[in-house]
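Visitor: I have a model open and would like to talk it through before I set anything up. Could you walk me through it?

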Amino acid sequence: MRITQTRASFFLEFTTAENTCSQSPILEIKLDGPPETLKEPNPRWVWCPGPLIVGAGPSGLATAACLEEKGIPSLILEKDSCIASSWKLRTYERLRLHLPKQFCQLPFMPFPPELPTYPTKQQFIDYLDAYSKQFSIKPLFGMGVQRAEFDESIGFWRVQANDLEFISRWLIVATGECAEAVVPDIRGISEFKGQCLHTSTYKSGEDFRGKKVLVVGCGNSGMEVCLDLCNNEAQPSMVVRDKLHVLPRETFWCSTFRLSMWLLKWLPTRLVDGILLVCARLILGRTEKYGIHRPKIGPLQLKNTTGRTPVLDVGALAKIRHGQIKVVPGINHFTETGVEYVDGRHEEFYAVIMATGFKTNVLSWLKEGEFFNKRNGFPKNAFPHSWRGENGLYATGFTRRGLLGASLDAHRISDDIASQWSSKNILQM
Ligand SMILES: Cc1cc2nc3c(=O)[nH]c(=O)nc-3n(C[C@H](O)[C@H](O)[C@H](O)COP(=O)(O)OP(=O)(O)OC[C@H]3O[C@@H](n4cnc5c(N)ncnc54)[C@H](O)[C@@H]3O)c2cc1C
């Protein structure tokens, strides 16, 4: 097979919009012609000499930067019109990084020293914009990948987005653990006449001032949305159905996350869990008193075995203690004006906010049967083996370890591709 395009001309032939949400994408493509072995009539083939990355969130950007550092050109396809669209378009205003900034920085670029330990959403977005500028990352926007499949006859990935087909030896999945909102089908939900939204479309408690709001779900987002509602003089109730661990974000002036990472260097997980729970009891008190029961298994062990993250409290628990956030049981069914709980009580609400999490979207577009689990859309192999599949397939950002996990993936993937990369071999096969 003869490849007719060079790395330089490939980049010259693409013109993308700047990394802002306001501009619509511009794409100009000239093709010299597809590889000779591709005989089917497809009007618009795009040959990618380097890896193709799907998704321009932090994981995709980190991987592109690591590849760039090794002199390997990559191309990112992004369905939305900007980088980091999950952060720019689908998060609430009061959001800050949950973990200290040194655990959230992407490869080769620390956060500016003047930023607080927990940067705000806007500070994180500014950091990501600066990051993509620093590494000259220019994704193709408005390119939602509808299908990707490895073509054994030519030994390449064929990736369809809009009316184009991209052809690459390497496919890097960076579409995120939180690609789609999960909204449970609770009986009668369509009958509810009030406002019903998911946390991904919730912006601020200001819209609910003075109103009774039911928040369904009690993870980090559910707790923070309740706190935000409280701070805006709304009256939130939070549905707590399952057992969960709530830990203080800071334990004796040290971030709980940093403390647990440090302890894990010397102690087994069970012992670290024990220490964390004693600290949580001293700082937060017995959460059971407020209807929040702890699972039998410790927070880190639970995270390792099920992926469930403990809630890092940023003030919601104090509001629960003072009765400003009500803890309510599971929902039996919705009515026109509110809900009936499993204990038979009925309560009216102005709005319902679903803090019911997210799921991946990989299974809807990636056609392969080995690497991703058909049940949950995550790689079958757990961290630290979740980044590499067969035939040049990679996944970044699916470790359930946040941005730290994404950075580790980015390094591993770029090292692996670099070991196969040789411009002579790639451009002239
Ligand atoms: C509210 C919230 C707070 C968080 N806080 C922290 C924190 O403090 N620290 C931490 O380490 N982690 C945190 N996380 C977890 C995680 O780090 C973030 O979700 C992070 O954005 C993950 O980056 P990502 O690139 O893997 O996924 P995303 O940011 O979701 O990016 C995926 C990108 O892929 C695009 N895409 C999806 N499907 C397609 C397709 N078919 N074709 C083309 N493009 C597609 C999306 O539009 C998106 O731009 C948080 C998560 C949430 C939800």
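Guide: What follows goes from the overall fold to the ligand shell, and then to some helices, strands and backbone details.

Visitor: What kind of model is this, and how many helices and strands does the protein have?

Guide: This is a predicted model, and the protein in it has 12 helices and 23 strands. Of its 429 residues, 39% count as buried, and among the contacts with a separation of 6 or more, 67% are between residues 24 or more positions apart.

Visitor: Let's go to the ligand. Which residues come nearest?

Guide: The shell around the ligand holds 35 residues, of which Gly55, Gly57, Gly176, Gly397 and Gly402 come nearest. By class, the shell divides into 17 nonpolar, 15 polar and 3 charged residues.

Visitor: And which helices supply at least two residues of that shell?

Guide: Those are helix 2 (58–69), helix 3 (85–89) and helix 11 (402–420), and helix 11 gives the largest share, with 4 residues.

Visitor: Tell me about helix 2, then. How many of its residues are buried?

Guide: Helix 2 is mostly covered, since 10 of its 12 residues are buried, namely Pro58, Ser59, Gly60, Leu61, Ala62, Thr63, Ala64, Ala65, Cys66 and Leu67. From its first C-alpha to its last it reaches 16 Å, close to the 16 Å expected at 1.5 Å a residue.

Visitor: Changing topic: which residues of helix 7 are buried?

Guide: In helix 7 the buried residues are Val272, Asp273, Leu276 and Ala280. Seen down the helix axis they fall within an arc of 100 degrees, so they line one face of helix 7. Arg270, Val278, Arg281 and Leu282, on the other side of the helix, are exposed.

Visitor: Why would a spacing like that put residues on one side?

Guide: An α-helix has 3.6 residues a turn, so residues three or four places apart point the same way.

Visitor: What span should helix 7 have, and how far apart are its ends?

Guide: Helix 7 has 16 residues (269–284), which at 1.5 Å a residue should span 22 Å, and its end C-alpha atoms are 21 Å apart, in agreement with that expectation. Just after the helix, Gly285 takes a positive phi of about 85 degrees.

Visitor: What covers the buried residues of helix 7?

Guide: The cover includes strand 12 (246–248), helix 6 (256–264) and helix 8 (299–306). In helix 6, Thr256, Phe257 and Ser260 are buried. These three cover an arc of only 100 degrees around the axis, which puts them on the same side of helix 6. Their own cover includes strand 12, strand 13 (250–251), strand 14 (254–255), helix 7, helix 8 and strand 15 (311–313).

Visitor: Now strand 6. Is that one enclosed or open?

Guide: Strand 6 (residues 164–168) is largely enclosed by the rest of the structure, because 4 of its 5 residues are buried. It runs parallel to strand 1 (residues 45–47), to which 3 bridges join it, and Trp45 stands opposite Glu165 in that pairing. Strand 5 (residues 156–161) runs antiparallel to strand 6 and is joined to it by 5 bridges, with Ala161 partnered to Leu164.

Visitor: How many residues lie between strand 5 and strand 6?

Guide: There are 2 residues between them in what is a hairpin, and Asn162 in the turn has a positive phi of about 50 degrees.

Visitor: Which other residues besides glycine have a positive phi?

Guide: Among them are Phe252, with phi near 50 degrees, and Arg400, with phi near 60 degrees. Phe252 lies in the loop between strand 13 and strand 14, and it counts as exposed because it has 10 other C-beta atoms within 10 Å. Arg400 is in the loop between strand 23 and helix 11, and with 17 C-beta neighbours inside 10 Å it counts as partly exposed.

Visitor: Last one: where is there a cis peptide bond?

Guide: A cis peptide bond joins Phe383 and Pro384, with omega about 10 degrees, and Pro384 lies in the loop between strand 22 (366–367) and strand 23 (393–395).

How values were computed
Residues are numbered from 1 along each chain as its sequence is written. This is a predicted model: local features need pLDDT of at least 70, side-chain atom pairs count only at pLDDT 80 or more; totals for chains, interfaces and linings use all residues. A residue is near a molecule or strand if its C-beta atom, placed from the backbone, lies within 6 Å of it. Ala, Val, Leu, Ile, Met, Phe, Trp, Tyr, Cys and Pro count as nonpolar, Asp, Glu, Lys and Arg as charged, and the others, Gly among them, as polar. The expected span of a helix is 1.5 Å times one less than its number of residues. A residue is buried if 20 or more other C-beta atoms lie within 10 Å of its own, exposed if 12 or fewer, and partly exposed in between; C-beta atoms are placed from the backbone. The arc is that of the directions from the helix axis to the C-beta atoms. Two residues are in contact if their C-beta atoms, placed from the backbone, lie within 7 Å. Two strands pair if DSSP finds at least two bridges between them.
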